[in-house]
Amino acid sequence: QGLFNLFNIPYVGTDLQGSIISYDKELTKIICNQYDIPQVPYITLYKPKKLTKISIDFPVIIKPARCGSSIGINIANDIKELNNYVKNAFKYDDKVIIEKYIKSRELECAILEDKKIKASPIGEIKSINTFYDYEAKYIKDSKLLIPANISKELTKEIQSLSLKIFDILGLKDLARIDFLYDYQNHKLYFNEVNTMPGFTDISMYPLLFNNTGISTKELITKLIENK
């Protein structure tokens, strides 16, 4: 985006500032927290170190702060596993996030800026693994349910939060907003945002709008013509 800006080349998607913020999970969390967006408890590590305790109860999920495709993400059930997985995560970034892991449904909403900003139906990922990791995304046959089997009230809540997050992070044109739904306690948490979601045959973003009658070709055409 910075290179395109430098040479005045128009492009689809969020600009440099919004992309930097959204790619950094810690910055995203800090900003969204200021707007009371519900998130799971987390801590940030800025350098590798051996941990003897943490302020979050196990199990926890460890992830590089700036990485994609669930690379370097693991779930730890005790301090020994935590230290091993933190060490691994630092191979991919020099900042690591530790979050409270909750058993949840993974729900996603697509946003399209087309004359006015639209929120898609909600999709659900039924991961073949414990969570939607790299293997579950690209190797094993995880299921995508569109629309998700959730209440109208939860659908509206996710759509409303997605539009709010799109606005406060300064996103443009398109984004996919991901949530965790703690079905045991009926609590919804914002997980992360993808400013340039995939457009493969199994990608959630185009499939969500396909469900509304917009083909992937039409979707791409809209995005280009809107520039």
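This is a predicted model: local features need pLDDT of at least 70, side-chain atom pairs count only at pLDDT 80 or more; totals for chains, interfaces and linings use all residues.
Student: How do the strands of a sheet pair in general, and what is the strand order of the open sheet here?

Tutor: Strands of a sheet pair through backbone hydrogen bonds, and the pairing is either parallel or antiparallel. In this structure, four strands form an open sheet in the order S1-S4-S2-S3, and their pairing is antiparallel. Strand S1 (42-45) and strand S3 (74-76) are the edge strands, each pairing on one side only. On average, neighbouring strands of this sheet are turned by 25 degrees against each other, direction ignored.

Student: How many bridges join S1 and strand S4?

Tutor: Four bridges join S1 to strand S4 (residues 96-100), in the antiparallel sense. Within S4, Ile97 is the residue that stands opposite Thr44.

Student: Which strands does helix H3 lie across?

Tutor: Helix H3 (residues 25-34) lies across S1, strand S2 (60-64) and S4. Its direction is at about 50 degrees to S4.

Student: Let us turn to a single residue. Where does Thr14 lie, and is Thr14 buried or exposed?

Tutor: Thr14 is in the loop between helix H1 (2-6) and helix H2 (16-23). A residue counts as buried under 20% relative accessible area. Thr14 has 2% relative accessibility and therefore counts as buried.

Student: Which residues is Thr14 in contact with, leaving aside its neighbours within four places in sequence?

Tutor: They are Gln1, Ser19, Gly170, Leu171, Lys172, Leu174 and Thr195. For Lys172, a polar atom of the Thr14 side chain lies 3.0 Å from the backbone nitrogen.

Terms used: Residues are numbered from 1 along each chain as its sequence is written. Side-chain values use heavy atoms; hydrogens and water are left out. Two strands pair if DSSP finds at least two bridges between them. Helices (H or I, at least four residues) and strands (E, at least two) are DSSP runs, numbered from the N terminus. Axes are lines fitted to C-alpha atoms, for helices over the stretch in contact, and angles run from 0 to 180 degrees between N-to-C directions. Contact means heavy atoms within 4.5 Å. Buried means under 20% relative accessible area, exposed over 50%, partly exposed in between (1.4 Å probe, protein chains only). A polar contact is a pair of N or O atoms within 3.5 Å; within protein, one must be able to donate a hydrogen and the other to accept it, and residues adjacent in sequence count only if both atoms are side-chain atoms.
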